[in-house]
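Open the model in your viewer and keep the selection panel handy. We will go stop by stop, with something to select at each one.

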Amino acid sequence: MKRSLRSWLWRIPIDQEIDEELELHVEMRTRELVARGMDPKTARELALSRFGDIRTLKRTMTDLGRKRDREMRVSRWLEELADDLKVAVRQLKASPSFTLIAILTLALGIGANSAIFALVDATLLRPLPYADPDRLVSLWEKGDTIERSYVSPLNMIDWSTRGHSFEKIAGFTPTVGGMVMAGADGNAETVSRQWVSAEIFDVLGVKPIAGRTFTAEDDTERTNVIVMSEGFWHTRFNGDPGIVGRELRLDGSLWTVVGILPGDFRLLGQTSIWAMRPITNLPPRARGAYILEVVGRLRPGISIRAAEADLAAVATALAHEYPQTNKGRTVAIQPMHDSLVGRDLRLTSMLFVGVVGFVLLICCANVANLLLARATVRKRELAVRSALGAGRRRIVRQLLTESLVLSLLGGAAGMISGGAILRIAPTLIPEGLLPATVTLTFDARVAAFCAVTALLVGLIFGVVPAWKATDFSAAEVLGSDSRTMTRTGGKLRGLLVIGEVATAVLLLFGAGLLLRTLLAVDSFDRGFRAQSVLSMLVDPLGSKYPTPESLQQFYDQIEAEVGTVPGVASVGWAESLPLDFFDTGGLSFEIVGDPPVEQSQRPTTEYQVVSPTYFSTLDLPILSGRPFDKRDARDGVQVCIVNEGFARSLHGRNPIGLRVALRSAGSPDEKPTVREIVGVARQVKGRPDEIKDFVQVYVPMAQDLADDMFLVVRPQSGAAEALTPSIRAAISRVDTEQLVSVRNVMTLEDIAWTATSRHRFRAVMVVAFAALALVLALVGVVGILAYSVQQHVRDFGVRRALGATTRDVLRLVVADAARVVATGAAIGLALSAASGRLIQTMLFGVSPLDLGTFALVTIVLAVTAAFAILGPAWHAARIDPAVALRNP
Amino acid sequence: MLPKTPNALLHGALDALILKTLARGPNHGYSIAKFIEETTDEAVLIEEGSLYPALYRLERRGWVEAEWGTSELGRRAKLYRLTDAGRQQLAAETASWRRFSTGVSKVLFSR
């Protein structure tokens with residue numbers, strides 16, 4: 001016996017232990033003295049006196065005894081743990097295939113969960129990487145017809161100076177553009193640049209690693225100043241500290257570098273430099289220019305609601321002072337974190353969390369199932385232990401230790417697989433889904449998540465089997481044939497597998513809906529017929545082409561030069577590209593001669609400036625009327641071509657010859673441009689998943705030239721990308737001074753691919769997880785089958801001997817597994833029907849109750865389950881009756 | 001008449017004496033004291049006030065272990081027994097005592 005058992009088998013209170021021990025001593029000493037001839041009373045007194053102060057002695061002994069017991073409890077616990085671990089490892093080693101399958105299952109479940117946790121942690125849980133992120137908010141303008149718009153710089157200044165809720169408010173342009181930097185060697189290069197107002201870095205609390213950031217003086221004096229990113233400083237200037245204070249030639253002007261920002265600083269998108277855009281002394285018309293994304297730092301203790309009320313008062317005042325631009329406009333504020341992360345990413349993250357959570361549950365059910373199966377096998381072993389005196393708690397603890405060891409091994413393997421997923425994840429995640437402030441890494445938090453998940457999972461899948469396995473009377477087990485002992489375990493296992501199948505069906509259904517969505521957005525009718533079209537943004541920066549005429553001439557020259565490149569079939573220009581429209585709010589329009597319409601009721605249209613050759617380059621048919629041509633010159637009749645969506649909005653009137661009055665939607669009172677409709681072009685999608693008809697007018701570039709244009713090129717044959725170098729060379733032949741920025745080179749297919757990437761990402765991820773769930777659930781089903789075979793082997797033997805065919809036996813074997821699959825599928829489909837609308841916002845072109853998807857899921861499940869079941873079942877059904885009867 | 005303890009034991013010696021006594025077999029507190037007194041011809045008297053704390057300390061360190069047994073009086077008695085660790089400790093203390101007493105003797109009996 002272990003020494004530690006003493007205090008447990010003979011546990012009496014420590015006081016009683018001491019009293020008894022000392023009393024015995026006193027009595028024996030008294031006897032000794034009496035034997036020497038002392039009278040008993042004196043003898044006892046003397047014996048007692050030898051203890052000195054007996055109260056102090058008892059206190060010392062109690063103290064020592066307590067400490068001793070405590071240490072014994074701990075060491076006993078540790079010894080038992082060591083024993084349990086030893087037994088657990090021995091058990092796991094004894095059945096390597098069980099161990100391997102269980103660990104792999106857990107590794108898949110925990111790995112997937114850890115990767116998704118990293119995503120959720122980075123996007124939803126972690127605060128923004130700025131100082132005091134709780135006080136950072138995004139500010140938007142809000143109108144009667146516009147949910148949310150960027151902010152005009154003059155309004156931003158008034159919010160800042162008249163409001164009382166903010167320490168500072170600053171803004172930046174929502175897109176990253178480029179500047180041409182002239183190098184010392186005469187080579188120009190394009191540097192990515194984001195415009196910011198002077199105080200943006202103060203609002204965010206960013207400290208430069210060298211130099212300074214912008215100041216209010218920079219703004220009032222309108223100096224040309226930039227700060228650069230640490231990365232750009234290292235790659236382009238080799239980390240030369242002398243760069244601060246130097247001047248660089250950007251877009252033909254001189255700009256002073258005043259500071260360098262730390263490498264991990266991100267605002268929105270990747271950029272090399274931030275250039276200050278002055279906002280003081282802007283002309284009054286800037287009040288109608290909605291160009292800034294605005295962030296503010298709330299004063300401590302001010303709530304968003306209070307700040308909103310504060311700025312609403314300012315906005316009301318502004319609406320009185322500047323009714324033309326500000327009437328009906330107010331302010332919307334939300335936490336900066338929310339506006340950066342966005343609804344789409346939030347929903348996607350939650351979707352993934354749900355999906356991998358279900359996968360993990362299936363993993364747990366599978367491992368629990370394996371354990372239950374083993375428990376029936378180990379029943380005898382456990383009964384023997386129990387007969388030898390181990391209590392039920394003790395045996396449960398032993399079994400739980402086994403499952404915890406299993407789950408921790410699974411967790412360790414899960415960390416490895418999670419790390420691997422995170423390593424390849426960045427290539428799968430579509431650009432733009434994650435805000436630039438977010439990076440996915442496998443860090444201590446993810447590791448801790450793995451560990452905690454592993455422990456929880458170990459408990460979840462371990463407790464019930466352990467309890468179940470010890471639910472017996474030893475005598476019964478040892479005294480009987482073990483085959484009869486397993487009825488309840490079998491029922492529980494059946495329930496677990498039904499749950500697995502139901503969950504897998506639910507995930508398959510979700511995957512099916514997302515897949516149908518992807519197919520819908522991928523296979524839409526683009527409208528244009530050209531197979532491969534190359535596009536690039538050509539931006540003649542600076543003041544080289546001051547007049548529209550010179551700019552037009554420049555574009556014409558490039559068009560002609562590129563047209564001579566071998567392999568080029570057609571060249572055109574467009575202000576924006578199909579599938580890549582920003583939601584700008586567009587222009588409001590009225591048909592001239594129709595009864596006047598309230599300003600807020602006027603329909604809106606997107607506005608696209610194109611060259612006459614645009615339609616032929618994209619092979620976009622003009623359905624009626626005529627394309628643009630030489631007639632549509634700058635001083636000719638102002639014309640436009642409308643799309644089918646526009647034509648439909650006229651309710652059957654022939655659009656050709658009608659005149660439309662166009663105004664920018666933000667300034668209802670400005671004088672409209674009136675254009676005559678000369679043609680109707682085929683419908684082109686503005687976004688792949690747009691729900692409303694995209695309404696559009698095309699305007700010839702000669703009549704409204706934009707500052708930068710997309711060059712679109714169709715090759716004579718083959719892939720358009722191959723033409724990129726020769727087209728760039730052709731542009732340089734025109735742009736001899738290298739002042740032009742050529743960027744965003746991509747094909748229209750690339751654009752379509754990017755535009756649908758979110759749907760693809762979601763569909764691919766959920767399909768992968770659903771497939772995993774299906775495989776795991778089928779593993780569970782096969783387990784049920786094997787169990788049922790094991791239960792009936794003797795039966796089969798008898799039946800075969802009595803003349804049953806293989807088929808008869810097969811039916812018997814498959815019945816259990818088939819019942820489980822059918823029940824699980826029915827429950828899963830019912831759950832799907834009930835919960836499909838939870839992902840409705842992610843669906844496009846498919847209803848959450850899509851019958852086709854129901855059918856598809858049912859077929860996939862039926863076919864895979866049949867394959868999984870029939871093989872082993874056939875095998876079992878062909879067992880030789882003689883063998884079966886001999887080996888029960 | 002039993003005199004009061006004539007000489008205080010040198011520190012650490014009591015532990016060694018207890019361990020040595022228990023090396024002969026399990027025993028309870030009174031017997032341990034008695035054995036030491038008789039073996040030393042009552043040259044060393046064990047103070048009860050230090051014997052029991054010493055026994056508890058030894059038990060806590062794992063050199064002895066206790067269990068309930070029956071005393072000569074037929075009563076339940078707490079019996080102490082030497083553990084393997086206790087046996088090693090006894091050997092160590094015996095060796096160290098030998099070194100110590102040889103050293104002391106060399107000085108005291110030098111000419």
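How many of the 10 residues of helix α6 of chain A are buried? Select residues 153-162 of chain A to find this helix. Seven of the 10 are buried, and α6(A) is mostly covered. Keep in mind that this is a predicted model.

**Stop 1: inside α6(A)**

Pick out the buried residues one by one. They are Pro153(A), Leu154(A), Asn155(A), Met156(A), Asp158(A), Trp159(A) and Ser160(A). Now show what covers them.

**Stop 2: a loop residue**

Select Ala286(A). This residue is in the loop between β9 (273-276) and β10 of chain A.

Next, show its contacts. Leaving aside neighbours within four places in sequence, Ala286(A) is in contact with Ser152(A), Pro153(A) and Leu154(A). You met two of these names at the last stop: Pro153(A) and Leu154(A) are among the buried residues of α6(A). Draw a distance from Ala286(A) to Leu154(A). Their C-alpha atoms are separated by 6.6 Å, yet the two residues are 132 residues apart along the chain.

**Stop 3**

Select residues 96-125 of chain A, helix α5, and residues 444-469 of chain A, helix α14. Their axes are 9 Å apart, and the helices pack at an angle of about 140 degrees. That angle makes α5(A) oblique to α14(A). The crossing is right-handed.

Show the side chains where they meet. From α5(A) come Leu106(A), Ile110(A), Asn113(A), Ser114(A), Phe117(A), Ala118(A) and Asp121(A). From α14(A) come Arg445(A), Val446(A), Phe449(A), Cys450(A), Thr453(A), Ala454(A) and Val457(A). Colour this contact by class: nine residues are nonpolar, three are polar and two are charged.

Look at the spacing of the numbers on each helix. An α-helix has 3.6 residues a turn, so residues three or four places apart point the same way.

**Stop 4: over to chain B**

Select helix α1 (residues 13-22) and helix α3 (residues 48-60) of chain B. Here the angle is about 75 degrees, and the axes are 10 Å apart. So α1(B) is roughly perpendicular to α3(B). Leu14(B), Asp15(B) and Ile18(B) in α1(B) meet Ser50(B), Ala54(B), Leu55(B) and Leu58(B) in α3(B). Five residues of this contact are nonpolar, one is polar and one is charged.

**Stop 5: where the chains touch**

Show both chains. 21 residues of chain A are in contact with 21 residues of chain B. On the chain A side, α2 (14-35) and α4 (54-94) each give two or more residues. Which helix gives the largest share? That is α4(A), with eight residues. By class, the chain A side has seven nonpolar, four polar and 10 charged residues.

**Last stop: zoom out**

Of the 888 residues, 40% count as buried.

Conventions
Residues are numbered from 1 along each chain as its sequence is written. Chains are lettered from A and ligands numbered from 1 in the order in which they are written. This is a predicted model: local features need pLDDT of at least 70, side-chain atom pairs count only at pLDDT 80 or more; totals for chains, interfaces and linings use all residues. A residue is buried if 20 or more other C-beta atoms lie within 10 Å of its own, exposed if 12 or fewer, and partly exposed in between; C-beta atoms are placed from the backbone. Two residues are in contact if their C-beta atoms, placed from the backbone, lie within 7 Å. Helices (H or I, at least four residues) and strands (E, at least two) are DSSP runs, numbered from the N terminus. Ala, Val, Leu, Ile, Met, Phe, Trp, Tyr, Cys and Pro count as nonpolar, Asp, Glu, Lys and Arg as charged, and the others, Gly among them, as polar. Axes are lines fitted to C-alpha atoms, for helices over the stretch in contact, and angles run from 0 to 180 degrees between N-to-C directions. Angles under 35 degrees count as roughly parallel, over 145 as roughly antiparallel, 65 to 115 as roughly perpendicular and the rest as oblique. A crossing is left-handed if the near helix is turned anticlockwise from the far one by less than a right angle, and right-handed if clockwise.
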